[in-house]
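Let's take a friendly walk through this model, one region at a time. Please have the sequence and the 3D view open as you read.

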Amino acid sequence: MFRVPLVVIGLIALLWSPCALANSPEAENPPEVPPRILVYGDSLSAAYGMPDASGWPALLQARLDDRPMQWEVVNVSISGETTAGGLNRLPQVLEREEPILVILALGGNDGLRGLPPQAMRDNLEGMVDAIRAASAEPLLLGVRIPPNYGRRYTERFEAVYADLAEERGLVFEPGFLDDFVLEEGMLMDDGIHPSERAQPRLLDAIWPHLEPMIEDVEDAADPRPSAAN
């Protein structure tokens, strides 16, 4: 039987010791973690009824892959999520993912269930506070709902997003489904969820609001002086 010399065993143990690992080139120069964009929503953002790769968050990642700076999109959206559920789980998600930008896309299920708009407002504001306390910046996506609960409820529901965005100075897209939702083939058979065909259009609706936020991060990370200097 082949026997490993004791001196070799000792060398291997030394190389795999915590001290050796701490002084390794990888430990001295840990790989940079790319800035993260957190997608925090419900089924409208969770690639409901289709492969994850077809959803707009995955398409966003593909678009970002063409930029000089490396970015990472983390989609933690859950179908059926309400603003109350989102507020409850957000602190742990922020601590785990450490995003720099957060696309906040919740509230649709509150509206479909007829939940109080003021409670939704309080939950959304709590999430905005948590995001900013984590040194990230939110992009708020508003949604519109069918008039099942009457005009007054619908108006109060939709006003929550606009009022919150204005009062808290948020980057805001009021209705990222509005421009194309009535076009043929853009909704699934349930008449609620965007189809696979609609996903690029969703991203196109979000992008004009998101791109300047991305550029601000990239400019802050670029050590080169601006052309004006």
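Does E196 count as buried, partly exposed or exposed? E196 counts as partly exposed because its relative accessibility is 44% (buried means under 20% relative accessible area, exposed over 50%, and partly exposed in between, with a 1.4 Å probe and protein chains only).

## About the model

This is a predicted model, in which local features need pLDDT of at least 70, side-chain atom pairs count only at pLDDT 80 or more, and totals for chains, interfaces and linings use all residues. Residues are numbered from 1 along each chain as its sequence is written, and side-chain values use heavy atoms, with hydrogens and water left out.

E196 sits in the loop between β5 and α9, while S54 lies in the loop between β1 and α4 (helices are DSSP runs of H or I with at least four residues, strands are runs of E with at least two, and both are numbered from the N terminus). In sequence the two are 142 residues apart, yet their C-alpha atoms are 6.4 Å apart in space.

Setting aside neighbours within four places in sequence, E196 contacts M50, P51 and S54, where contact means heavy atoms within 4.5 Å. S54 counts as buried because its relative accessibility is 16%.

## Helix α9

Q199 is one of the buried residues of α9, a helix that spans residues 199–221. The buried residues of this helix pack against β1, α4, β3, β4 and β5.

Notes
Bend = angle between axes of the 7 residues up to and from the residue.
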